[in-house]
Amino acid sequence: MPRLHSALRRAAPALGLFAAARLTGLLVMAGWAWRIDRPPRRTLARSWDSDWYMLIAEHGYGRTLTWPDGAVQSDLAFFPLYPGLIRAVTAVLPVTSGSAGLLISWAGAATAALGIYAIGELLYGRRAATALVLLWGLLPHSIVLSMAYTEPVLTAFAAWSLYAVLTGRWLWAGALSALAGLARPNGIAVAAAVLAAAGYSALKARGDARGEARERDRGKARERGRERRQEKTWGKHRRLWAGAVLAPAGWCAYVLYVGFRTGDPLGGYFAVQRGWTSKFDFGVGALRVVRDIVLRPALLPMVLAMLIVAASVVLFALLVLARPPVALLVYTGVLVLITVGGSGFFESKPRFLLPAFPLLLPLARAMTKARPGAAALVTVALAGLSFAYGTYLLMLSPIAL
């Protein structure tokens, strides 16, 4: 308990800045909503994908939409953790599904911010960690962190799973990764990170063991010390591999569930996603959309989505050059790969990148080295963009978020 209190005290400035950023964004959005006579709470709780999650929470799976071209969109495309949490909250508290969804998302965003701070502090210190949390709260699409969407929940489980990997808590890493895999399709990135880090750690430990084996025994005391070290090492290895096995369990379980429910155990889930025009085609579909954006007049969300995706590729290259821990590199790389290589819903790609907070590490470190005036100017500019664009996405945009 004292350690938790100390951690919260250190993170308090970062969490305060994050809360202020998100609250200001909500107030700007709410002001515009009242001006055009739209209820802000309902807009946050029942817009686009949020409505699907609420219906799953209220009635279970089984809803489909059939379009004139024959395409069928099934609610099986939406992972079960978030609607399950909504149902649990409404069973305990006298609130509607929409209010429960918002409470879960807001709690998830706060938990994610704390986890992001913990990772930043562990790697680069308190100033960089604070800048990292603030940057994440001021992304152009950060309004999603205040909506009844699954990105805050996924990011919370991902951040703490990655922190558990970095601190050697493998069972926690695997359990949190399994929950992340039940939250969203791209939750598989967390499992990939845990598996890659576990493999890297095992190879490193194997190399260390070979080095010790080459040494000659020098007395019984040293032999007893070696035996104790081996016992601790074997215990650590068991926890490591248990966490690695557990990490993809949530994602795989739901994919198999959809497969069996649709009569195609291995391909059913991916067929459901194709009904939503969502598939991985190594970026072919995305490049077609980019070509159309460049050559023809395009809506603002499409143009900004293209710019954000391009920026994410550049930021990932900078992250690689910074040589972060394997877990962060693999996690971020898989998220960027899924976003860039997937087709369908191009306008939603910036939202898919919200959990990829390690992309902001190079910027956070740069802000700690910049002059205070320059850092403040960048922060104000990002805040203006975030608040204005978030309001536009919810109140004025003609396409889904």
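Helices (H or I, at least four residues) and strands (E, at least two) are DSSP runs, numbered from the N terminus. All views show a predicted model, in which local features need pLDDT of at least 70, side-chain atom pairs count only at pLDDT 80 or more, and totals for chains, interfaces and linings use all residues. Residues are numbered from 1 along each chain as its sequence is written, and side-chain values use heavy atoms, with hydrogens and water left out.

View A. Valine 92 belongs to helix 4, which covers residues 81-92. Its relative accessible area is 68%, so Val92 is exposed; buried means under 20% relative accessible area, exposed over 50%, and partly exposed in between (1.4 Å probe, protein chains only). Together, Val92, Leu93, Leu103 and Trp106 make a nonpolar surface patch of about 390 Å². Patches are made of residues with over 30% relative accessible area and no salt bridge, where like charges are joined within 9 Å and nonpolar side chains (Val, Leu, Ile, Met, Phe, Trp, Tyr) within 5 Å. Accessible areas come from the Shrake-Rupley method with a 1.4 Å probe, and for residues only the protein chains shown count as cover.

View B. The structure holds eight salt bridges, each being a side-chain nitrogen of Lys or Arg within 4 Å of a carboxyl oxygen of Asp or Glu. Side chains of opposite charge can pair when their charged atoms come close. Arginine 46 meets aspartate 51 in a salt bridge with an N to O distance of 2.8 Å. Arginine 46 also meets glutamate 58, at 3.3 Å from N to O. Arginine 46 lies in the loop between helix 2 (40-45) and helix 3 (49-59), whereas glutamate 58 lies in helix 3, so this pair ties together parts that are twelve residues apart in sequence.

**View C. Salt bridge between Glu151 and Arg351.** The closest N and O atoms of glutamate 151 and arginine 351 are 2.9 Å apart, and the two residues form a salt bridge. Glutamate 151 is in helix 7 (residues 151-166) and arginine 351 in helix 16 (residues 349-352), so the pair ties together parts that are 200 residues apart in sequence. Glu151 counts as buried at 0% relative accessibility, and Arg351 counts as buried at 3%. A network of salt bridges links Asp49, Glu151, Arg184 and Arg351.

View D. The 16 residues of helix 7 should span 22 Å at 1.5 Å a residue, and the end C-alpha atoms are 22 Å apart, which agrees. The expected span is 1.5 Å times one less than the number of residues. Helix 7 is mostly covered, with 13 of its 16 residues buried. Just after helix 7, glycine 168 takes a positive phi of about 80°. Helix 6 (residues 126-137) has twelve residues that should span 16 Å, and its end C-alpha atoms are 17 Å apart, which agrees. Helix 6 is also mostly covered, with ten of its twelve residues buried; among them are Ala128, Leu132, Trp136 and Gly137.

View E. Lys204, Lys236, Arg238 and Arg239 gather in a patch of positive charge on the surface. Lys and Arg count as positive and Asp and Glu as negative, while His and the chain ends are not counted. The place of a charge is taken as NZ of Lys, CZ of Arg, CG of Asp or CD of Glu. Helix 10 (residues 220-246) gives the largest share of the positive patch, three residues. Arginine 238 lies in helix 10 and counts as exposed at 57% relative accessibility.

View F. Most residues other than glycine have a negative phi. Aspartate 37 has a phi near 60°, a positive value in a residue other than glycine. Aspartate 37 sits in the loop between helix 1 (2-35) and helix 2 and counts as exposed at 70% relative accessibility. Tryptophan 48 has a positive phi of about 55° although it is not a glycine. Tryptophan 48 is placed in the loop between helix 2 and helix 3 and is partly exposed, with a relative accessible area of 29%.
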